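Let's take a friendly walk through a protein model and the small molecule it holds. Have a look at the structure first, and then we will go through it piece by piece.

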Amino acid sequence: MSPIDDTDAFEAAERASLSARAMAARPMPYLEGLNPAQRQAVEALDGPVLMLAGAGTGKTKALTTRIAHLLNTGVARPNEILAVTFTNKAAREMKERVGRLMGHTVEGMPWLGTFHAICVKLLRRHAELAGLKSNFTILDTDDQIRLMKQLIVAANIDEKRWPARQLAGIIDHWKNRAWTPEQVSAAEASAFNNRGVELYAAYQDRLRNLNAVDFGDLLLHMLTIFQAHEDVLAQYRRWFRYILVDEYQDTNVAQYMWLRLLAGGHKNICCVGDDDQSIYGWRGAEVGNILRFEKDFPGAEVIRLEQNYRSTPHILAAASGLIAANKGRLGKTLWTEADEGEKVRLIGHWDGEEEARWIGEEAEALQGGSRGLDPKSLDDMAILVRASHQMRAFEDRFLTIGLPYRVIGGPRFYERMEIRDAMAYFRLAVSPDDDLAFERIVNTPKRGLGDKAQQKIQVMARSNGVTLVEGARLLLETQGLTGKGASELRKLLQGIGRWHGGALDSAQSHVELAEIILEESGYTEHWQNDKTPEAPGRLENLKELVKALEEFENLQGFLEHVALIMDNETEGEGAKISIMTLHAAKGLEFPVVFLPGWEDGLFPSQRSMDESGLKGLEEERRLAYVGITRAEELCTISFAANRRVYGQWQSALPSRFIDELPEAHVEVLTPPGLYGGGGAVSSGIEQAAAGANVYNSPGWKRLQARGQQRPVGQPRESRTITIDVEAVAAYESGARVFHQKFGYGTVTGIEGDKLDIAFDKAGRKNVVARFVVPAENADDVPS
Ligand code: ATP
Ligand code: MG
């Protein structure tokens, strides 16, 4: 039975039978475990309900039980419930949980899912009202960008200055705000060189002609349809008799309006969330939506849950103390009956590799039972990182020691698109015969070498029995390809030749070569021009890839390593430690949680603070709160004093969030025998500075001597100290410099970001400026 076939007569009859069923008292064992507030949230079936409560207080549990109760009492049929969750994974879990509560699997809850999944289904039914056919296609980002590029060119706009990706970001932002082209606010009319709105309209027209939508359209079209067609809205208001929303704090304006329209009739809407866990502001989420619920739905029952069932008191207190530093929040009390348990542990490491090593060892120790805890399974443990590039060090380490792991919410490091692309370039440098690698990158970034050109290359190669690179060369020689494609292909082939030469030259640093390849191929630039939210992360992954190279002798050795570890992958059934970003960890819980990389600049993220100032910092702090509150029994925060980026060591200061942790709930760990430990966080760090290895090291002392270390307890001015990375562009001819591999030398010429250097021992070389430091700072580059 589909909602739109429904008739009022049918509905009335059905309703009668429903209440008859509702009368027949059924056992409700699922109510028993709930506390009074949760029970209230479950049983107050009619009218608006808001559950606004801190982490781990059983919001999701109450929401799930409410669904079970609606079904079990017969008040609603499965297809009359609209339940929105944040991820497909959460939706699956919720369905399973409802089944468990009811004691049997739940059949047919077609409207339990994410906003996107639900809207696709709705839009297929009503496509014609949006000028589409019901078999419309959903564009992926690539298609979307290609389309925008065409429109930009057609509008005579310089695509170099006004890249399509930027337009995509702007349009996405407008869609999140529920603005059709006509509704874009006057304040934003200047976007994209004053042409944004016009291009947005043209883009929507093109999509319609193609019978296509993008992701943002799914919601926006349905919203527009509801607004313009009262009858359709009325139909769904009748049909979706009960609406439930989890993680309400992360809804954007369009989602919020959509929900408000649907709930507008019966007002049977139950939203649950936590303003302290709003972490998607950067994607248009509006925490204000949850704060104005009572205004939108007068008479709403507001239920606050205060008992936390997830974490030990120390973990809870540490998280509450941290989030207290945020200004714009409602504030809440949380308590728990759990035993005191372990304090939140804090440990500083010399560098990122040591951090990964330590966590690997700790995970192994915990499996055998340590720190007074029962033995834990790897399934009970999670590593939550701020940025996906942090995952690489853990993956490499775990593959080396054979510790099974899974990456949640994204591909594993070496499976990421940008990493595979970059590796394809490296493979070609090592071996220009590598046809698969050539196929992968020949038109990445776009070089005007589309399917047709690629086919010509293939044919040429096959008919001459040569490799694709050779085939391409022949094609150019015989003028089988002309125009822009030909000149771009020539450039690529010249590049491959040069890079291959570099790979064969033992004097050429392979790390530098990798950087040169990524630059000269235009691949780095391709992502720099990309304005989608994923682009900065991809650039960081590329940096991380270059960093990984440093541990190897040459490119060849590195490629072999990756091939081997990828081959070692076992997708077995056994227990695995989880690695994921903090964003992906929303709503989840684990007995043991590791939170690495708490360094200023990495976490809180410099980018987020640069782009959004205090607002950005507060969102980062909420993310830290989400991280700590995922832990049930043991939470370990760590930071590294040094991270290697692009061949340079960056010294980082411990995250400001560490200072904000309440001292009484934190234990500072240091390697055994070095320092006796202590309660207070800050003084712990101070003591550590006096005794522990990291802070007693020459590198750290030098930093202090340079006056760059913030006095403990003072507000932090500089975040990440970058040793001379920024200054390098300013070299002059004659300057004395130091290079990690070639030693001391004198700058003899400058071209772009490359320096001609006469090295004292290694002779003349052309190196990227970033790889040298002024000679007087040579000591800052660890050998
Ligand atoms: P978050 O804000 O992180 O999404 P939440 O408020 O949704 O957290 P839940 O995930 O529903 O919290 O619950 C946290 C843990 O507490 C779960 O393991 C859940 O089973 C348990 N729990 C919730 N309510 C109760 C209760 N009344 N009695 C015992 N355990 C409970
Ligand atoms: Mg939850």
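**Around the ligand**

Of the 18 residues around ligand 1, the ones that come nearest are K59, T60, K61, E589 and R630; a residue is near a molecule if one of its heavy atoms lies within 4 Å of it. This is a predicted model, in which local features need pLDDT of at least 70 and side-chain atom pairs count only at pLDDT 80 or more, while totals for chains, interfaces and linings use all residues. Residues are numbered from 1 along each chain as its sequence is written, chains are lettered from A and ligands numbered from 1 in the order in which they are written, and side-chain values use heavy atoms, with hydrogens and water left out.

Helix α3 (residues 59-72) gives the largest share of the shell around ligand 1, with 3 residues. Helices (H or I, at least four residues) and strands (E, at least two) are DSSP runs, numbered from the N terminus.

Which atoms of the protein lie 2.8 Å from an oxygen atom of ligand 1? A backbone N or O atom of K61 does. A polar backbone atom of G33 is 2.9 Å from a nitrogen atom of ligand 1, and an N or O atom in the side chain of Y309 is 3.4 Å from a nitrogen atom of ligand 1. On its own, ligand 1 has 640 Å² of accessible area, and the protein covers 84% of that; such areas come from the Shrake-Rupley method with a 1.4 Å probe, and for residues only the protein chains shown count as cover.

**A covered strand**

In strand β9 (residues 344-351), 7 of the 8 residues are buried. Buried means under 20% relative accessible area, exposed over 50%, and partly exposed in between (1.4 Å probe, protein chains only). Strand β9 runs parallel to strand β16 (residues 666-669), and 4 bridges join them; two strands pair if DSSP finds at least two bridges between them. V344 has V666 as its bridge partner in β16.

**Backbone details**

T444 and P445 are joined by a cis peptide bond with omega about 0°, and P445 sits in the loop between α18 (435-441) and α19 (451-464). Another cis peptide bond joins F603 and P604, with omega about 5°.

F192 has a phi near 55°, a positive value in a residue other than glycine. F192 lies in the loop between α7 (164-176) and α8 (196-209) and is buried, at 3% relative accessibility.

**Salt bridges**

Side chains of opposite charge can pair when their charged atoms come close. A salt bridge is a side-chain nitrogen of Lys or Arg within 4 Å of a carboxyl oxygen of Asp or Glu, and by this rule the count comes to 36. Here are some of them:

| Salt bridge | Closest N and O atoms |
|---|---|
| R77 and E80 | 3.0 Å |
| D275 and K332 | 2.9 Å |
| E355 and R643 | 2.8 Å |

E355 in helix α15 (residues 352-367) and R643 in strand β14 (residues 631-645) link distant parts of the chain, 288 residues apart. Both E355 and R643 are buried. In the pair of R77 and E80, R77 is buried with a relative accessible area of 12%, and E80 is buried with 1%.

Is D275 buried or exposed? D275 counts as buried, at 4% relative accessibility, whereas K332 is partly exposed at 27%. D275 and K332 also belong to a network of salt bridges that links them with D274, D276 and R329.

Technical notes: Polar contact = N/O pair within 3.5 Å; in protein donor to acceptor, adjacent residues only side chain to side chain.
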